[in-house]
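I opened my notebook to work through this one piece by piece.

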There are 2 protein chains.
Amino acid sequence: MNPYIEQLDGLDRRLSAIGFCESLVFWDAATLAPKNSVKNRGLALEEMAELYYTIFITDETKELLTNLERTKDSLPELTRVKYQFFKEMFEQIACIPVNEYAAFSNLKTQSSAAWEEAKKTKDFSIFEPFLQQVIDFQRKYIRYRNLGGHPYNTLLQDYERGLTVEVADTFFEQLKEVIVPLLKRISEKNMTIPSPFTDVKFDIEGQKAFSDKILDKMNFNKDSGIIAESVHPFTLNLNRDDVRITTAYQEDYALSSIYSTIHECGHGLYEQNIGEELGFSKIATGTTMGIHESQSRIYENNIGRSEAFWNSYYHLLKEQFPEQLKETNALDCFRASNDVKASLIRTEADELTYSLHIMIRYELEKAIFEGALEAKDLPAAWDAKYEEYLGLSPADDSEGILQDVHWSEGLFGYFPSYALGSAYACQFEAAMNREFGFYEAVAADNLGRINEWLKENIHRYGSTKTPAEIIEGATGESFNPSYFTDYLVNKYSKLYALT
Amino acid sequence: MNPYIEQLDGLDRRLSAIGFCESLVFWDAATLAPKNSVKNRGLALEEMAELYYTIFITDETKELLTNLERTKDSLPELTRVKYQFFKEMFEQIACIPVNEYAAFSNLKTQSSAAWEEAKKTKDFSIFEPFLQQVIDFQRKYIRYRNLGGHPYNTLLQDYERGLTVEVADTFFEQLKEVIVPLLKRISEKNMTIPSPFTDVKFDIEGQKAFSDKILDKMNFNKDSGIIAESVHPFTLNLNRDDVRITTAYQEDYALSSIYSTIHECGHGLYEQNIGEELGFSKIATGTTMGIHESQSRIYENNIGRSEAFWNSYYHLLKEQFPEQLKETNALDCFRASNDVKASLIRTEADELTYSLHIMIRYELEKAIFEGALEAKDLPAAWDAKYEEYLGLSPADDSEGILQDVHWSEGLFGYFPSYALGSAYACQFEAAMNREFGFYEAVAADNLGRINEWLKENIHRYGSTKTPAEIIEGATGESFNPSYFTDYLVNKYSKLYALT
């Protein structure tokens with residue numbers, strides 16, 4: 001046997017163990033850790049980052065990669081893929097000096113805490129200096145990486161392999177051409193959609209019980225995962241046998257927790273269905289954020305906001321809330337969950353305007369890395385974009401620039417994957433529809449059929465395929481955003497009786 | 001400046017970061033992680049243990065320790081103490097081959113899971129093979145350490161620096177001479193103590209609210225700590241700014257959660273009061289398990305089971321449970337929390353018989369490491385000891401040998417520290433009483449006075465002093481178990497009107 005295989009697996013196991021610990025620290029910080037824990041957590045994470053770096057970025061690893069390249073043709077398929085994955089990871093990290101790499105880890109811890117405080121007190125000035133430092137680090141990283149092309153490309157492709165400003169510009173342009181006039185026509189209709197979810201309280205215990213039932217319907221394996229609460233819902237993948245999702249309950253807005261649970265469960269299913277043969281490994285996780293978001297959004301939107309979904313599962317909600325829902329029905333819930341309204345908060349946006357929220361962030365990020373915006377300029381730039389795209393102005397920064405956690409954690413380049421995910425999801429839906437009735441499965445309370453298809457065509461591969469390979473393999477064609485725009489036009493034309 | 005100081009601090013920081021992660025993984029496993037998470041957690045912890053070892057046990061560290069020894073006289077006090085601490089840690093670990101050290105970490109993970117399953121299903125055979133492997137490892141460790149003397153000494157001193165079989169034998173002999181006849185006299189009295197806590201349900205929410213109030217009274221800093229639930233209450237010290245305690249609520253036995261909370265909070269206060277000047281360091285934690293238990297037990301027993309305590313805080317419990325407590329008073333609670341009864345479960349035992357439970361475990365462990373007992377012999381040996389000391393036989397192994405988590409985690413040599421802790425606590429109480437009225441402070445709702453004394457004389461030092469130094473410094477004399485036996489005789493003579 002090729003000795004480099006074992007060496008690569010050993011390195012993988014060690015880096016995966018450090019990653020496991022770092023992820024758990026992150027989970028704990030978001031769900032449980034006390035206020036004063038920030039400082040020492042920052043120190044611990046800085047040490048762990050340095051450890052990760054010094055174990056990975058060595059002459060020994062460089063030699064290993066050279067040897068794997070040399071013997072590539074004789075490697076088993078899985079090792080060849082893993083080698084490619086590690087080579088990319090090595091290049092991403094090795095260009096950064098170790099002290100800067102470790103210091104950035106600590107900076108993110110402090111910056112997240114500052115963001116949380118700033119958001120709570122609606123005071124951007126608390127966050128601004130940290131945000132500027134995070135931006136400065138990203139700019140330096142782009143220079144270190146030295147890939148050429150648009151500077152923002154470097155960040156984009158860390159979240160979506162193959163994505164460039166050129167591709168994203170075209171994609172968003174195509175969306176804009178459909179969404180903006182569609183939104184205009186809907187607004188002109190001036191319809192009021194009555195909602196069973198406003199002006200009535202849904203107690204938290206009942207919402208929890210409903211979440212629990214929906215997780216079962218979605219085939220979330222509770223022996224290999226848990227659900228908890230956090231201010232901002234997220235999914236944490238320790239490994240296929242330990243997947244954590246969170247949701248956030250609001251008494252006066254039950255729809256929010258329902259869709260958070262479904263969305264995060266979509267991410268969770270992806271991770272739980274990763275092929276066992278990939279082992280305890282860096283490649284045993286979703287391949288990119290775009291593909292990951294396609295899995296959360298196909299459940300949240302294509303399934304969860306469909307009429308078939310409400311016809312199938314309305315009775316579960318009614319069991320839990322007979323009083324609150326006594327005057328309504330499944331159709332009301334379906335319509336309420338698709339009420340189109342320009343709004344300020346991305347995570348509460350309807351499916352149609354959602355992509356506009358993403359475009360705003362995309363354009364701001366692009367401008368930052370073109371050097372046109374600094375941290376101090378961002379609140380005004382944010383507000384101007386919201387005025388332009390949605391005709392709204394935030395009353396304060398907590399419903400403006402401070403609403404999202406991403407930038408505080410250095411996640412620049414991440415946002416576009418949400419919109420890409422929606423588009424991939426529609427292409428996957430269409431592919432399933434060619435094999436079986438997608439909405440018939442939902443209507444028949446058979447989400448397992450959909451889960452099986454996703455597992456077979458997407459989930460099980462983990463990171464062994466690129467997004468392009470996944471899409472090609474699952475749908476037989478390359479990425480085509482028209483599935484998404486067609487879906488939006490069809491759905492909203494019916495809902496709003498547009499002719 | 002001596003360059004070795006910085007080198008030692010760097011090593012300390014890195015090992016502390018790994019320890020931080022390992023502790024958090026342990027916390028998560030005990031409070032939250034899903035069932036199937038065991039296998040990969042084991043892999044991750046094995047890697048982390050190997051990492052810890054390979055970072056610590058190197059020629060570089062050996063050279064550093066030699067250099068520190070050589071320049072010892074010119075070192076600042078804190079570094080000198082830290083050097084001594086690291087030298088001992090190095091010797092404890094360096095004698096074990098790295099692969100065995102790492103494999104033991106994984107074994108503990110699997111063994112804890114097997115123990116949990118065995119306890120739940122009351123089936124010792126599930127746990128037996130793991131227990132034997134854990135014992136085998138400990139025996140090998142004793143040979144590797146090669147300290148001479150009684151083999152069990154090696155384990156004892158890992159939990160209580162300076163403790164030997166000879167010292168422990170004398171200590172337990174002295175306890176036995178007092179406790180056994182005292183228990184006999186109490187039993188002969190045949191008194192029935194009515195309890196406000198039996199045959200009545202105390203809802204969990206109310207118990208939580210009371211726990212919360214008691215934590216405030218005890219000055220637990222909730223910005224630097226949290227309380228959660230776990231099957232077996234424990235305290236986890238990440239660092240002084242992040243201390244986690246757990247408790248376990250039972251509707252039909254509220255006293256259990258009350259004393260678990262108080263006990264764990266005692267541990268928690270020790271950790272929260274560690275001197276800030278010790279930094280993010282391996283020495284910034286309680287010095288030994290014996291001293292740690294003295295802090296939990298002085299709160300649980302000396303304070304929590306005193307008449308003064310119930311006089312001060314009964315009203316808080318009554319506020320929470322007016323219905324349940326309408327026919328009772330503080331005195332009833334005081335008496336009920338000191339009801340002496342031979343029983344099978346250590347953690348539910350009264351203060352008097354508690355030490356007998358410890359002696360049983362001490363004697364079994366001693367026999368194991370003398371080579372007289374193997375895992376398969378332990379259930380019968382356990383039952384025989386309970387018959388001998390307490391006149392009781394467990395109905396099954398879950399209330400017998402499977403009741404405690406310790407052995408599954410390799411914690412052999414740990415149990416004696418509980419009894420030592422009780423004895424130290426009484427000596428500390430006596431020292432405080434020479435400076436101010438200990439029970440007067442409790443009666444005056446001024447636990448802060450006691451917390452201050454403990455902080456000043458014990459907590460702040462972390463691991464910079466040995467137990468002997470702590471006791472000498474705090475009380476002006478060396479360890480004297482008579483304070484404990486006198487305390488027991490006084491307390492129970494009054495309670496049971498013995499003449």
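My entries below go from the chains to a sheet and then to helix pairs.

**Entry: the two chains.** First reminder to myself: this is a predicted model. Two copies of a chain are related by a rotation about an axis and a shift along it. I looked up what that rotation is here: 180°, with 0.0 Å of shift along the axis, puts chain A on chain B with an RMSD of 0.0 Å. That is the relation of a two-fold axis. Which residue of chain A comes closest to the rotation axis? I found A:C21, with its C-alpha at 2.9 Å. I also checked the surface where the copies touch, and the same one serves both: 100% of the contact residues of chain A recur in chain B.

**Entry: a sheet in chain B.** Next I went to an open sheet of three strands, in the order 1-3-2, with mixed pairing. Its edge strands are strand 1 (225-229) and strand 2 (235-239) of chain B, and each pairs on one side only. Ignoring direction, I noted that neighbouring strands are turned by 15° against each other on average. Strands of a sheet pair through backbone hydrogen bonds, either parallel or antiparallel. Are strand 1 and strand 3 of chain B parallel or antiparallel? They pair in the parallel sense, over five bridges, with strand 3 covering residues 242-247. I picked out one bridge: B:G225 has B:V243 in strand 3 of chain B as its partner. Helix 1 of chain B packs on this sheet and touches strand 1, strand 2 and strand 3 of chain B. The direction of helix 1 makes about 150° with that of strand 2 of chain B.

**Entry: helix 1 again.** I followed helix 1 (residues 3-31) of chain B to helix 4 (residues 77-94) of chain B: their axes come within 11 Å and cross at roughly 55°. These two helices of chain B are therefore oblique to each other. Their crossing is left-handed. Among the residues that meet are B:L8 and B:L11 from helix 1 and B:Y83 and B:F86 from helix 4 of chain B. By class, I have seven nonpolar, one polar and three charged residues in this contact.

**Entry: a pair in chain A.** Last, I looked at helix 11 (residues 289-303) and helix 18 (residues 447-457) of chain A, whose axes are 12 Å apart at an angle of about 150°. They are therefore roughly antiparallel. This crossing is right-handed. A:I298 and A:Y299 are among the contact residues of helix 11, and A:I450 and A:L454 among those of helix 18 of chain A.

How values were computed: Residues are numbered from 1 along each chain as its sequence is written. Chains are lettered from A and ligands numbered from 1 in the order in which they are written. This is a predicted model: local features need pLDDT of at least 70, side-chain atom pairs count only at pLDDT 80 or more; totals for chains, interfaces and linings use all residues. Side-chain values use heavy atoms; hydrogens and water are left out. Axes are lines fitted to C-alpha atoms, for helices over the stretch in contact, and angles run from 0 to 180 degrees between N-to-C directions. Helices (H or I, at least four residues) and strands (E, at least two) are DSSP runs, numbered from the N terminus. Angles under 35 degrees count as roughly parallel, over 145 as roughly antiparallel, 65 to 115 as roughly perpendicular and the rest as oblique. A crossing is left-handed if the near helix is turned anticlockwise from the far one by less than a right angle, and right-handed if clockwise. Contact means heavy atoms within 4.5 Å. Ala, Val, Leu, Ile, Met, Phe, Trp, Tyr, Cys and Pro count as nonpolar, Asp, Glu, Lys and Arg as charged, and the others, Gly among them, as polar. Two strands pair if DSSP finds at least two bridges between them. Copies are superposed by least squares on the C-alpha atoms of residues with pLDDT of at least 70 in both.
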